[in-house]
Amino acid sequence: MQNYLIKNIMVVNEGVSAVKDVLIKNGRIEKIDGNIQPDILVTEINGQGLHLLPGAIDDQVHFREPGLTHKATIYTESKAAVAGGVTSFMEMPNTMPPVFTQELLEEKYAIGANSALANYSFYMGTSNDNAEEALKTNSRKKDICGIKIFMGSSTGGLLVDNYLTLDKIFQESEVLIATHCEDEKIIKANYERIKKEKGTLDPADHPRIRDEYGCFESSLAAIQFAQKYNTRLHILHISTEKELALFSNMKPLEQKNITAEVCVHHLHFTSNDYDHLGNLIKCNPAIKAPSNRDALWQALLDDRLDVIATDHAPHTMEEKGVSRNAAGLLTLPPIEPGSYEKSHAGLPLVQHSLLLMLHYVKEGRITLEKVVEKMSHAVATCYQIADRGYIREGYKADLVIVDMNATTTATKENILYKCGWSPLEQFTFPAAITHTFVNGNLVYGNGQWNESNKGERLLFNR
């Protein structure tokens, strides 16, 4: 395979930024040093004025294959991920059919091996009656990222609300359990009450229906199960200030048994944005009042929140209830009875997550070193991913070159999601992804693609 020497680039890794040369040989990082003189044939890349980051690892995406490929495929969304500097992903089990058996899980791995341009792992799914099957994942802990439990309904049959089932899985699981935490009873009660009060619901009602109490009660329950059995628990997409009291920064990440994720849309949008974005930003858990966003930022910076992800969840424009006008811009129809209920929940984000966080670097809200920690290092540590997530000699060369002096505007012409739209359209990011290496292969470079090599299955040091 081709070898590369990246010269004079600002390497951002493990809290330090320094100008170095980086030699990539046979898919791995061979050497990091000043003024490397290679003894092998290499393709040289001039990194002057650029930054080299470890590829982002997204621990929560929905790539919709199999069964929902009108929305997305593993190929299309992994390509979007690579263009955005995401070199590895962990994908959720709410496909059609849902991943309720080990056989169905392996079928997804086969699709990934054939079509994913980024490295991949897939979660085992759970229902109220497949605990025994889900727990077979224990024997495969080194090559499966974890077990996913929807403790609040977001995707139909994947809801697990039977406490006997939950108790069994938490008691017996030897792998990480990732949870979507919203209390189903609270959601239903809120919906019925607000529907009765108003008659017609609008997008701004979404955070009232899926409110902070529903999130808190479900997260508390998950934590109580994990503490009861000393289970490894990772709670996904924390969205409320109230939940933050449940998490601690008193231990280093590698010693934590209970960890938490925040997603880029909860760091960026607030309930004020429903006025102009409507159902475009409808997602579960809901985007909530500005005070929650401010609290999430604080908890991210003080390490109560451990990783940044996307919950990338594409739907077609028709499913979201939007269209484009003559100028090609997304337009929202007038609110009509039933339009809130018809609109699907979820946002496509994986192509722009790193760029969005680089926007906040330029805003002075977070350092570049902290972004790398939360999107690469911490994910690798949290999941015990083998040989990835850091720029270290001997590690897989999953690397991203960023130009912090360029700009990128999200438009319908450059969006790679199969659904063809983004809630961040027309936003100009103050940076650009120029190169993305996956396992040492330059898959994306200055707008050019080399798709001859596919990503690899993630392995875990467990």
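Analyst: Asp39 sits in a loop, with strand S3 (28-33) on one side and strand S4 (43-46) on the other. The model is predicted. Asp39 has a relative accessible area of 73%. The cut-off for exposed is over 50%, so Asp39 counts as exposed. Asp39 also belongs to a surface patch of negative charge.

Thr310 lies between strand S13 (307-309) and helix H11 (317-320). Is Thr310 buried or exposed? Its relative accessibility is 0%. Buried means under 20%, so Thr310 counts as buried. Two polar partners can be named for its side chain. One is the side chain of Asp58, in a polar contact at 2.5 Å. The other is the backbone nitrogen of His312, which lies 3.0 Å from a polar atom of the Thr310 side chain.

How many of the eleven residues in helix H13 are buried? Nine are, and H13 (residues 353-363) is mostly covered. Just after H13 comes Gly364, with a positive phi of about 85°.

To recap: Asp39 is exposed, Thr310 is buried, and H13 is mostly covered.

How values were computed:
Residues are numbered from 1 along each chain as its sequence is written. This is a predicted model: local features need pLDDT of at least 70, side-chain atom pairs count only at pLDDT 80 or more; totals for chains, interfaces and linings use all residues. Side-chain values use heavy atoms; hydrogens and water are left out. Patches are made of residues with over 30% relative accessible area and no salt bridge: like charges are joined within 9 Å, nonpolar side chains (Val, Leu, Ile, Met, Phe, Trp, Tyr) within 5 Å. Accessible areas come from the Shrake-Rupley method with a 1.4 Å probe; for residues, only the protein chains shown count as cover. A salt bridge is a side-chain nitrogen of Lys or Arg within 4 Å of a carboxyl oxygen of Asp or Glu. Lys and Arg count as positive and Asp and Glu as negative; His and the chain ends are not counted. The place of a charge is taken as NZ of Lys, CZ of Arg, CG of Asp or CD of Glu. Helices (H or I, at least four residues) and strands (E, at least two) are DSSP runs, numbered from the N terminus. Buried means under 20% relative accessible area, exposed over 50%, partly exposed in between (1.4 Å probe, protein chains only). A polar contact is a pair of N or O atoms within 3.5 Å; within protein, one must be able to donate a hydrogen and the other to accept it, and residues adjacent in sequence count only if both atoms are side-chain atoms.
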